[in-house]
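Thanks for coming. Please look at the sequence and the model on the screen while I talk.

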Amino acid sequence: EGRFEQIGKPEEVYRRPATEYVADFLGARNRLALKAEGDGSAHVEGVRLAGFVRSGFTGSYVLRFRDTDLKLRPAGSTGGDASHWVSGAEVVEVLPAGDHAEHVVRIGDRQLFIDVPVAQGVFSPGQAVEVGIDLAHTLCYDSNGRRVEDWAPVR
């Protein structure tokens, strides 16, 4: 529409997109709904996660992720290298790509694309999984599409 969305050093624009539009344009195509409760907990796609947001943070937001920023593990398992896990997801399709496989995952009415190294295992279509979120690789945007700072607890 003939306007600048963000001006900055390439690394800064890539790591900290100022708007949801820029985030999507630069590969953060995965989108999840966040409802912060104010007590440090939040609901991500309806799943309650304790300690997910900073205390006092409230309202509805959108989280954005790149394909490599989300993790997968079988439903009901423990461990993994993410700080929070969202249950209730299912693998819809697996697209092999050499040393990794792109997994198309449905959670609620959302579809996510999650890139998993083959060395970590490949999941099967129809398999129940949990989606792992690492807060260090999570982008948060308000209802106007502007990036929100200081929403996550300090780690």
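This is a predicted model: local features need pLDDT of at least 70, side-chain atom pairs count only at pLDDT 80 or more; totals for chains, interfaces and linings use all residues.

Leaving aside its neighbours within four places in sequence, which residues is G38 in contact with? The answer is S55, G56, F57 and T58.

G38 sits in the loop that links strand 1 to strand 2. T58 is 20 residues away from G38 along the chain, yet their C-alpha atoms are separated by 4.8 Å. Is G38 buried, exposed or partly exposed? G38 has a relative accessible area of 21%. The cut-off for buried is under 20%, so a residue at 21% counts as partly exposed.

Now the hairpin around that loop. Strand 1 and strand 2 form it, with four residues between them. In the turn, G38 has a positive phi of about 100°. The two strands are antiparallel and pair over three bridges. Strand 1 covers residues 30-37, and strand 2 covers residues 42-44.

Strand 1 has another partner. How many bridges join strand 1 to strand 4? There are eight, and these two strands also run antiparallel. Strand 4 is made of residues 58-65.

In strand 2, K35 stands opposite H43.

Next, the side chains of strand 1. Which of them point to the buried face? They are N30, L32, L34 and A36.

Now step back to the whole chain. It has two helices and 10 strands. Along its principal axes, the C-alpha trace spans about 40 × 40 × 30 Å.

Of the 155 residues, 41% count as buried. Take the contacts with a separation of 6 or more: residues 24 or more positions apart account for 59% of them. The accessible surface is about 8400 Å², and 49% of it belongs to carbon and sulfur atoms.

Last, the charges. The chain has 18 positive and 23 negative ones, and their mean positions are 4 Å apart.

That is the end of my part.

How values were computed
Residues are numbered from 1 along each chain as its sequence is written. Side-chain values use heavy atoms; hydrogens and water are left out. Buried means under 20% relative accessible area, exposed over 50%, partly exposed in between (1.4 Å probe, protein chains only). Two strands pair if DSSP finds at least two bridges between them. Contact means heavy atoms within 4.5 Å. Accessible areas come from the Shrake-Rupley method with a 1.4 Å probe; for residues, only the protein chains shown count as cover. Lys and Arg count as positive and Asp and Glu as negative; His and the chain ends are not counted. The place of a charge is taken as NZ of Lys, CZ of Arg, CG of Asp or CD of Glu.
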